[in-house]
Amino acid sequence: LSDNSLLEDLYGLSYQGGLIFYLDVNNGIGMIAASSDQATAQWGCSGNFIANASNPNIGAGYQNTNLIIDLCNETGIAAEICANLNLNNYDDWYLPSKDELNLLYSNLHLNGFGDFTTGTAGNIDGWYWSSTDGEDEGNAAWVQSFKDGQNGFQATYDIGLKTFNNSVRAVRSF
């Protein structure tokens, strides 16, 4: 069908270790999200802008994640948590790019899939890290709100400061 109505029925289905949240019908490339959060963590490398990890596009999360790990020597950060994840016999997880994270919000969360942390107004819960670095000063990266009433708002400042502990959700491609 040209209206993608059958495609939308795939979102949220379990497949290859997670929940389907994206499928490009032109090339068959799809993406899966872990069914629950991995942790809350810092993005890392505050004050260090990783220019090549600033790609927001669908398909950029894997490269962004690897660049963060290669160029940031901090441990326990969001990208490292995803890259080191071995879940449901898959070990090729990564931190989603800004646009991939938005697909998690629109294709999973808004349809009731994925058990995302929504938090309450005024607290940090409900914000998720992307792998997309945010600005030239290197102090913030892109985050997205999964809180009710914020309609998937994406930001860098003030909530995306790299030293904040935001939620981490790993994804992988197939």
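**Exercise 1. Strands**

In β7, which residue is the bridge partner of Val143?

*Solution.* The model is predicted: local features need pLDDT of at least 70, side-chain atom pairs count only at pLDDT 80 or more, and totals for chains, interfaces and linings use all residues. Residues are numbered from 1 along each chain as its sequence is written, and side-chain values use heavy atoms, with hydrogens and water left out.

Step 1. Strands (E, at least two residues) and helices (H or I, at least four) are DSSP runs, numbered from the N terminus. Two strands pair if DSSP finds at least two bridges between them.

Step 2. The bridge partner of Val143 in β7 is Ala155. β6 and β7 pair in the antiparallel sense, over two bridges.

Step 3. β5 and β6 also pair in the antiparallel sense, over four bridges. Here Asp133 has Ala141 in β6 as its bridge partner.

**Exercise 2. The largest nonpolar core**

State how many residues the largest nonpolar core has, and which elements give two or more residues to this core.

*Solution.* Step 1. A nonpolar core is a set of buried Ala, Val, Leu, Ile, Met, Phe, Trp, Tyr and Cys residues joined through side-chain atoms within 4.5 Å. Buried means under 20% relative accessible area, exposed over 50%, and partly exposed in between (1.4 Å probe, protein chains only).

Step 2. The largest nonpolar core has 25 residues, and those with the most contacts inside it include Trp43, Ile50 and Ile68. The elements giving two or more residues to this core are α2 (61-71), α3 (78-83), β5 (127-133) and β6 (141-145). α3 gives the most, with three residues.

Step 3. Contact means heavy atoms within 4.5 Å. Not counting residues up to four places away in sequence, Ile68 touches Trp43, Ile50, Ala53, Ile77, Ala79 and Ser131.

Step 4. Another core, of 15 residues, lies apart from the largest one; Tyr22, Tyr94, Leu103 and Tyr105 are among its members.

**Exercise 3. Helix α2**

Find the buried residues of α2 and say where on the helix they fall.

*Solution.* Step 1. The buried residues of α2 are Gly61, Asn64, Thr65, Leu67 and Ile68.

Step 2. Seen down the axis of α2, these buried residues fall within an arc of 165°, so they line one face of the helix. The arc is that of the directions from the helix axis to the C-beta atoms.

Step 3. The buried residues of α2 pack against α3, α4 (98-108) and β5.

**Exercise 4. Aromatic rings**

Classify the ring pair of Trp127 and Phe153 and the ring pair of Tyr128 and Phe146.

*Solution.* Step 1. Rings of Phe, Tyr and Trp (its six-membered ring) pair if their centres lie within 6.5 Å; planes under 30 degrees apart count as stacked, over 60 as edge-to-face and the rest as tilted. By this rule there are seven aromatic pairs.

Step 2. The rings of Trp127 and Phe153 have centres 6.3 Å apart and planes at 80°, so the pair is edge-to-face. Trp127 lies in strand β5 and Phe153 in the loop between β6 and β7 (154-155), so the pair ties together parts 26 residues apart in sequence. Trp127 is buried, with a relative accessible area of 5%, whereas Phe153 is partly exposed, with 48%.

Step 3. Tyr128 and Phe146 form a tilted pair, 4.6 Å centre to centre with 55° between the planes. Both residues of this pair, Tyr128 and Phe146, are buried. Ring pairs link Tyr105, Phe116, Tyr128 and Phe146 into a cluster.
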